[in-house]
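This briefing goes through one protein chain by topic. The sequence and structure come first, followed by the notes.

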Amino acid sequence: MSNAMYNKMWHQTQEALGALLDKEPQKMIEPQRNQVFIFQTLATFYVKYVQIFRNLENVYDQFVHPQKRILIRKVLDGVMGRILELKNEMVELELTEFHYFDDILQDLKLAPQQLDIPIPKYFLKEKLEVIKGREKILAQILADSGIDTSDMKYPVKSIPFDEAVKLIQIAERARQGRLRALFMKQIYLQEYRAKQSKMLGKKVTDTWAAALRIQKVWRRFHQRKETEKLREEEMIFLGMNPPPLFNEVSATVIQAEKVDRLRNEVQIKHEEDYREALVTIKNDLKLIEGVDIKENLQDQIRHWFIECRNLTGTFPDYPDVEEGGSAIIFSDKTIQQEEDEKWKMSPSLFLPAMKEGCNAYKEIWMKKDESWNFSQDYDPELIKEEKRKELQSEIRIQVDELMRQELKNLKLAVDRERERPVKAGKKKDKKGKKGKKKEKKAKKDKDLTADRTIESLYKELVEEGLLIQALKVNLSDYIGEYSYLGTTLRQVSIEPMPSLLDVRQLITLYGIWPLGSAAVHEKAPLVKSLLLAGPSGVGKKMLVHAICTETGANLFNLSSSNIAGKYPGKNGLQMMLHAVFKVARQLQPSVVWIEDTEKTFYKKVPNAEKMNEPKRLKKHLPQILKLLKPDDRILIVGTTRRPFDAELQSFCKVYQKIILVPRPDYASRYVLWKQIIERNGGVLTSALNVSCLAKVTDGFTQGHIVEVVKGVLTDQRIRRQIHKPLTAVEFITAITSMNPVYKEEEESFKNWYAKTPLGKKRALAITGGSTEKAKDKGKRK
């Protein structure tokens with residue numbers, strides 16, 4: 001897509017955002033009692049903001065103009081924050097983490113895929129060098145410590161010498177046997193041909209009959225091939241089968257990737273040029289216009305002196321630096337500014353920023369002629385305007401000092417006034433304030449490692465195995481399908497199980513977005529902790545690693561099994577937590593992962609685990625959560641496959657958001673089988689009935705499917721696919737030895753979730769116990 005097309009997309013998106021910002025306050029102010037109507041309103045805004053975000057994120061990634069990118073980034077952060085605010089409103093209204101927008105998507109003529117929330121590419125692009133540097137340091141520390149995990153994926157199993165000789169002998173005998181069999185076959189065929197020719201002798205066969213037989217065989221063969229070809233074409237036309245070379249990378253894609261790399265280089269160069277221009281243009285302005293600005297300011301202030309004396313008979317008092325100096329004299333509040341002040345009553349913390357961005361777009365870029373700027377480099381005139389204001393503020397401070405002295409001299413010369421002494425009360429107040437500040441600082445927790453560098457703490461945590469290397473897993477690798485019947489089921493009072501893509505969206509909203517953007521994390525509804533609960537094999541661990549991969553976050557492992565025996569005693573535990581969260585803050589974003597987190601909150605510790613002290617962190621986790629501030633981009637993530645073993649009250653007190661991760665439904669299993677087979681070198685043909693495979697494997701998880709596919713698709717089996725295509729039976733035979741997740745286990749998770757705070761509220765709302773309260777809540781919102 002050309003730059004003009006992206007410019008057009010930007011203008012259209014900004015217009016859509018402007019219309020939405022004008023419409024939203026009106027809708028939100030209207031009093032409503034109908035809970036369904038309130039949710040429909042919130043959901044419609046949510047869906048529209050998601051579309052705007054998708055377009056803006058695309059535009060931001062493709063633009064090379066540095067000043068446009070700054071504005072778009074500001075709006076982008078605002079839109080992200082507003083989406084999170086609307087999500088929070090919907091959760092409080094519907095009392096569930098999962099929402100379904102089937103009706104709204106139909107009304108807006110959107111596909112469910114368009115509701116997928118992308119992860120901004122700038123999360124990683126802007127700190128790529130930092131992440132790479134950190135990975136190198138981590139790998140080096142692991143290598144030096146002798147715990148390098150790079151070769152642990154494919155361990156080489158050593159075997160005794162005698163067994164190795166025996167294996168080679170068996171293989172050699174098999175090879176010789178195959179050659180002997182081939183040789184004997186050739187001899188047999190020679191003898192058979194000789195025998196046939198002897199029997200026939202010189203007897204002349206009917207050539208017409210022979211020709212007819214050959215024709216029949218050929219026509220049958222040709223027709224079969226033609227029919228197969230027509231059927232394949234029909235299936236491709238209907239969209240049932242992919243077109244030929246569908247999975248192969250085309251030349252267009254390769255070219256697009258090359259253009260993308262070049263665009264990134266241009267973006268970096270334009271950013272550098274822009275930063276240099278900020279300095280050079282300011283210096284030029286200082287030389288050229290600095291003297292004029294100073295003289296104009298002095299003339300304005302002198303004129304103010306004279307006006308005040310003419311009106312009041314005395315010279316005025318000069319405003320203090322804290323009040324803004326002479327700037328306060330000439331600042332007049334406009335009607336627009338008063339309107340902006342009233343707007344602070346809005347519950348959203350992101351609407352003002354978005355409005356400001358839209359106003360800047362309208363004033364600067366909406367009708368700007370850019371025909372001269374083909375390369376989309378920085379606009380020097382805009383920098384001059386910005387730096388002129390900055391320069392004026394700096395010069396004003398110098399002028400204020402001069403004019404204060406001049407005013408004193410005037411007062412002495414004209415009014416014969418003496419300099420008034422500074423009131424003692426003010427000094428006392430200042431001292432009092434300083435004293436309070438010192439008291440506040442003293443109240444803060446002591447730094448237990450004040451004498452140590454972050455680098456040394458980082459190294460210690462790596463060597464102790466508390467700071468680990470996250471696996472390179474993207475969130476897009478968490479494969480699944482949408483729930484297409486969510487709204488329909490809720491209309492008939494059936495609570496649907498969430499789909500895998502619903503889970504994926506929550507991970508983006510609660511984990512990836514706030515960790516990736518500091519601006520969003522500081523103002524959006526704060527999520528400090530997240531619990532992923534679900535049966536074994538549904539991808540909980542993978543989601544934790546995906547959060548780290550997508551945001552470039554550090555991964556700390558505070559699982560009970562991992563901290564067992566490390567930093568013993570009360571003081572040791574305090575030191576460990578201090579070191580972990582000190583490094584996590586300094587090198588944020590960070591994820592603190594607690595695997596099998598139910599062990600930390602055991603109702604009763606099993607005898608076999610008493611030695612490991614699994615409940616070491618139970619009392620400390622609530623305290624840690626209280627200490628986490630909005631500017632600390634740290635997320636505590638717990639994963640559990642047995643949440644029922646935990647003491648519910650303290651468990652739910654620590655984990656702010658609880659996400660139930662289900663086993664895959666039919667649609668997700670169908671997509672999983674197809675993609676995992678293809679990713680492991682398998683070829684999908686008509687001989688492999690994926691639909692049947694997905695139906696038969698009801699109850700099996702992603703972990704089961706991956707294990708089976710890897711077991712079946714050996715190197716030898718992949719090579720034989722040309723002659724012997726894959727069939728469903730091969731995979732079904734391999735999966736029969738595994739235990740699926742039975743409905744009883746899934747029900748136990750649902751029953752447990754119904755006992756959590758949000759689960760209780762939802763159950764009451766469904767049965768009508770707190771419907772009115774929920775409505776009132778929505779009304780107040």
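In which sense do strand β3 and strand β4 pair, and over how many bridges? Strand β3 (residues 554-557) and strand β4 (residues 590-595) are paired in the parallel sense, over four bridges. The model is predicted, so local features need pLDDT of at least 70 and side-chain atom pairs count only at pLDDT 80 or more, while totals for chains, interfaces and linings use all residues. Residues are numbered from 1 along each chain as its sequence is written, and side-chain values use heavy atoms, with hydrogens and water left out.

**Overall make-up**

- The protein chain has 30 helices and six strands; helices (H or I, at least four residues) and strands (E, at least two) are DSSP runs, numbered from the N terminus.
- Of its 781 residues, 40% count as buried; buried means under 20% relative accessible area, exposed over 50% and partly exposed in between, with a 1.4 Å probe and protein chains only.
- Taking contacts (heavy atoms within 4.5 Å) between residues at least 6 apart in sequence, 83% join residues at least 24 apart.

**The sheet**

- Six strands form an open sheet with mixed pairing, in the order β1-β3-β4-β5-β2-β6; two strands pair if DSSP finds at least two bridges between them.
- The edge strands, each pairing on one side only, are β1 (467-468) and β6 (657-660).

**Strand β5**

- β5 (residues 634-640) is mostly covered, with seven of its seven residues buried.
- In a regular strand, side chains alternate between the two faces of the sheet.
- In β5, Ile-634, Ile-636, Gly-638 and Thr-640 point one way and Leu-635, Val-637 and Thr-639 the other, and all are buried.
- β2 and β5 run parallel and are joined by five bridges, and Leu-530 has Val-637 as its bridge partner in β5.
- β4 and β5 also run parallel, joined by six bridges; Val-637 is the bridge partner of Trp-593 in β5.

**Helix α6 against helix α14**

- The axes of α6 (residues 128-145) and α14 (residues 454-463) come within 10 Å and cross at roughly 55 degrees.
- That angle makes α6 oblique to α14; angles under 35 degrees count as roughly parallel, over 145 as roughly antiparallel, 65 to 115 as roughly perpendicular and the rest as oblique.
- On the α6 side the contact is made by Arg-134, Ile-137, Leu-138, Ile-141, Leu-142 and Ser-145, and on the α14 side by Tyr-458, Lys-459, Val-462 and Glu-463.
- The residues of this contact divide into six nonpolar, one polar and three charged; Ala, Val, Leu, Ile, Met, Phe, Trp, Tyr, Cys and Pro count as nonpolar, Asp, Glu, Lys and Arg as charged, and the others, Gly among them, as polar.

**Two single residues**

- Asp-102 is in helix α4 (residues 102-107) and counts as buried because its relative accessibility is 18%.
- Leaving out residues up to four places away in sequence, Asp-102 touches Ser-483, Tyr-484, Leu-485, Gly-486, Thr-487 and Thr-488.
- Lys-384 lies in helix α12 (residues 380-415) and is partly exposed, with a relative accessible area of 29%.
- With residues up to four places away in sequence not counted, Lys-384 touches Ile-281 and Leu-285. The C-alpha atoms of Lys-384 and Leu-285 are separated by 7.6 Å, and the two residues are 99 residues apart along the chain.

Notes. Axes are lines fitted to C-alpha atoms, for helices over the stretch in contact, and angles run from 0 to 180 degrees between N-to-C directions.
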